[in-house]
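Me: I'd like to go through this one with you before I set anything up. Could you take my questions as they come?

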Amino acid sequence: MPTPGTYPVVPLNPAAGEAAVGIADFQNGADLWYSDGVSGTVTVADVDGALDARWDVTQLKLNATETTAPTESGHLRCTP
């Protein structure tokens with residue numbers, strides 16, 4: 001489990017001190033968007049015992065294509 005802090009966003013397979021963002025889109029099939037490492041940060045906090053992760057200004061890439069899309073922000077909370 002990551003410790004609270006801010007991590008730079010990299011492509012999938014982050015090392016210690018790094019983060020990756022992956023989003024599955026099932027609305028139009030099964031598309032996987034993942035961070036391409038061009039931009040972004042993930043900030044992790046402990047909120048009442050729950051892991052709270054927020055990402056900012058992260059560029060995403062669609063599956064194994066060259067299609068990209070920016071995201072301004074996103075949020076994920078994992079409750080214990």
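Reply: What follows is a short exchange about a predicted model, taken topic by topic.

Me: Let's start with the core, then. Which residues make up the largest nonpolar core?

Reply: The largest nonpolar core has 12 residues in all, namely Tyr7, Val9, Ala19, Val21, Trp33, Val42, Val44, Leu51, Ala53, Trp55, Leu60 and Leu62.

Me: And which strand supplies the largest share of this core?

Reply: That is strand 5, which contributes five residues; strand 4 (41-47) and strand 5 (50-62) each supply at least two residues of the core.

Me: Staying with strand 5, is Asp52 buried or exposed?

Reply: Asp52, which has its place in strand 5, counts as buried because its relative accessibility is 5%, and the cut-off for buried is under 20%.

Me: Which side chains does Asp52 join through polar contacts?

Reply: The side chain of Asp52 makes a polar contact of 2.6 Å with the side chain of His75, and another of 3.3 Å with the side chain of Arg77.

Me: What else is Asp52 in contact with, leaving aside its neighbours within four places in sequence?

Reply: With those neighbours left aside, the contacts of Asp52 are Thr43, Val44, Ala45, Val47, His75, Leu76 and Arg77, and of these Val44 is also listed as a member of the largest nonpolar core.

Me: Switching to another aspartate, where does Asp36 lie?

Reply: Asp36 is found in the loop between strand 3 (31-35) and strand 4, and it is classed as buried because its relative accessible area is 19%, where the limit is under 20%.

Me: What does the side chain of Asp36 reach?

Reply: The side chain of Asp36 reaches the backbone nitrogen of Val38, at 3.0 Å. Apart from neighbours within four places in sequence, Asp36 is in contact with Pro11, Gln59, Lys61 and Thr68.

Me: How many residues apart along the chain are Asp36 and Val9?

Reply: They are 27 residues apart along the chain, with their C-alpha atoms separated by 8.2 Å.

Me: Last topic, Ile23: where does it lie, and what does it touch?

Reply: Ile23 lies in strand 2 (residues 22-25) and, not counting residues up to four places away in sequence, it touches Asp31, Leu32, Trp33, Trp55 and Leu60; among these, Trp33, Trp55 and Leu60 are listed in the largest nonpolar core.

Notes
Residues numbered from 1 in each chain as written. Predicted model: local features only at pLDDT ≥ 70, side-chain atom pairs only at ≥ 80, totals over all residues. Heavy atoms only, no water. Core = buried A, V, L, I, M, F, W, Y, C linked by side-chain atoms within 4.5 Å. Buried < 20%, exposed > 50% of the residue type's maximum accessible area, 1.4 Å probe, protein only. Helix = DSSP H or I, 4+ residues; strand = E, 2+ residues; numbered from the N terminus. Contact = heavy atoms within 4.5 Å. Polar contact = N/O pair within 3.5 Å; in protein donor to acceptor, adjacent residues only side chain to side chain.
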